[in-house]
Amino acid sequence: MTYRFSQNDQFDYEILLALGAAWRQGADVGEVLATAAAVADGDGEAWFTAWVELARKVREQAGRSAAAGRTVSARDALLRAAGYFGTALVGVDAVADPERRLAEVFPEHRACLDRFLTSLDPPAEPVAVPYENTPLPGYLVSPPGASGPLPTLIANNGSDGPLSCAWTLLGAPAVARGYRVLLFDGPGQQSMLFERGVTFRPDWENVITPVVDFLLSRPDVDPRRIVLAGISQAGYWVPRALAYERRIAAAVADPGVTRVVDSWWHNLGPDLRYLWESGDRATFDRVIEDALAEDGPLAATWRWRAKPYGIDSPFDLVAEISRYDVMPVVDRITTPLLITDPDGEHFWPGASRELYNTLTGPKHLVRFTEAEGAHRHCEPLGRALFEQRVFDWLDDRLAAADGV
């Protein structure tokens, strides 16, 4: 399975994610492949423009379908449009005047997602989770025809993915299995970052505990069956939260992340790591800033990934990211935790098994292989297998918690 869709590594991976989203109607395979072919050279401006144009075209079709009373067609097109806007934004730091373009396109993405979620049966409920000085925005999505207290999944997004991705990867399969689902933006994620300027924090228990408090205040949530599942960098945030928050019945880290900074060193290389560890801030900053001044694909990726931390100095940025280390508290985790371990994990290779081997509480490691087409970070092309293995395990854990 050696498919390659773009000369840009990040863009190539985003195409795989878009193709996988088709499993939950978050994309159309033909639309994705046609757009990918048009931007295969990895040019950032072309990438951003092509995906925005596709998103707006699909959104316009949603409007025509809605006007004609074709609610299913309109709803499905809105989800695809939201996903394509989100795919475009991955390249926003490679375009001219990125802040203006971000301010223009991100509201379009969220408007499509909002219209999609509120067109579901039953409509998703927009919520505001009390959190420090500003509430966390989100949606509570329920399965059709359900009433009373239900198992509820907290969908913890990753570092820079759109909320539409959290829906297709975690939310939709959970709702299909009878869960309520909380989609939300935490500090540094999407609307909290772009609209409110709130950046990441390493002590994620101070995010998840208010989320659990909020859910426990609702009579439609079963307090014994709250699940926390996280994708990508949330493979760090989930176990970090579990080390302190005890009211979660079971959890999923896709994949396991022990030290967030390891993914940065994978790209920066051993020489820059040695320079940073030497403490020579001035030289490290100069070397990185000279590389960023070349304004190539790596510079755009750096800016996009650095944005949620809100730190300008490269040396200080790496120092902050180095604080995101779950190993000092991993022995505190007692919640049953499933960890995915895909072949070809390219952000945190080996971290899933390291986390699994270190855990002392209930744990389960689930392999996903290239031979079955479910390899790479977050199993982009193996979504059916992911859902079957992960949610069957969750169902078993919740049945045990419920005394069934």
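Lys 57 is exposed, with a relative accessible area of 57%. Here buried means under 20% relative accessible area, exposed means over 50%, and partly exposed lies in between, with a 1.4 Å probe and protein chains only. From Lys 57 to Pro 126 there are 69 residues in sequence, and 26 Å in space from C-alpha to C-alpha.

Before going on, please keep in mind that this is a predicted model, in which local features need pLDDT of at least 70 and side-chain atom pairs count only at pLDDT 80 or more, while totals for chains, interfaces and linings use all residues. Residues are numbered from 1 along each chain as its sequence is written, and side-chain values use heavy atoms, with hydrogens and water left out.

Now follow the chain to strand 3 (residues 150-156). How many of the residues of strand 3 are buried? Seven of its seven residues are, and the strand is mostly covered. Strand 3 has strand 5 (residues 221-231) as a parallel partner, joined to it by six bridges; two strands pair if DSSP finds at least two bridges between them. Leu 150, for example, has Val 221 in strand 5 as its bridge partner. Strand 3 also runs parallel to strand 4 (residues 180-184), with four bridges joining them. There, Ile 154 has Leu 182 in strand 4 as its bridge partner. To get from strand 3 to strand 4, the chain passes through helix 6 (residues 163-176), making a right-handed β-α-β crossover. Right-handed is meant in this way: with the strands pointing away from the viewer, the path from the first strand over the helix to the second runs clockwise.

Gln 190 is not a glycine, yet its phi is positive, near 45 degrees. With 4% relative accessibility, Gln 190 counts as buried. Arg 376 is another residue other than glycine with a positive phi, about 80 degrees; Arg 376 lies in the loop between strand 8 and helix 16 (383-401).

Two prolines are worth a look too. The peptide bond from Asp 121 to Pro 122 is cis, with omega near -5 degrees, and Pro 122 is in the loop between helix 5 (98-117) and strand 1 (125-129). A cis peptide bond also leads from Asp 254 to Pro 255, with omega near 0 degrees; Pro 255 is in the loop between strand 6 (250-254) and helix 10.

Next come the aromatic rings. Rings of Phe, Tyr and Trp (its six-membered ring) pair if their centres lie within 6.5 Å; planes under 30 degrees apart count as stacked, over 60 as edge-to-face and the rest as tilted. By this rule there are 20 aromatic pairs. One of them is the edge-to-face pair of Trp 264 and Tyr 309, with 6.4 Å centre to centre and 80 degrees between the planes. This pair links distant parts of the chain, 45 residues apart: Trp 264 is in helix 10 (residues 261-268), and Tyr 309 is in the loop between helix 13 (297-306) and helix 14 (314-321). Are these two residues buried or exposed? Trp 264 is buried, with a relative accessible area of 9%, and Tyr 309 is buried as well, with 6%. Both belong to a cluster linked by ring pairs, whose members include Phe 200, Trp 204 and Tyr 236.

Some rings have a charge over them, which here means that NZ of Lys or CZ of Arg is within 6 Å of the ring centre and within 35 degrees of the ring normal. Lys 363 lies over the face of Tyr 356, at 4.5 Å from the ring centre. Likewise, the charged end of Arg 383 sits over the ring of Phe 386, 4.2 Å from its centre.

Last, turn to helix 15 (residues 351-358), whose buried residues are Ala 351, Ser 352 and Leu 355. Seen down the axis of helix 15, they fall within an arc of 105 degrees (taken from the directions from the helix axis to the C-beta atoms), so they line one face of the helix. Among the elements that cover them are helix 9 (234-242), strand 7 (337-342) and strand 8 (363-368), where contact means heavy atoms within 4.5 Å.

Technical notes: Helices (H or I, at least four residues) and strands (E, at least two) are DSSP runs, numbered from the N terminus.
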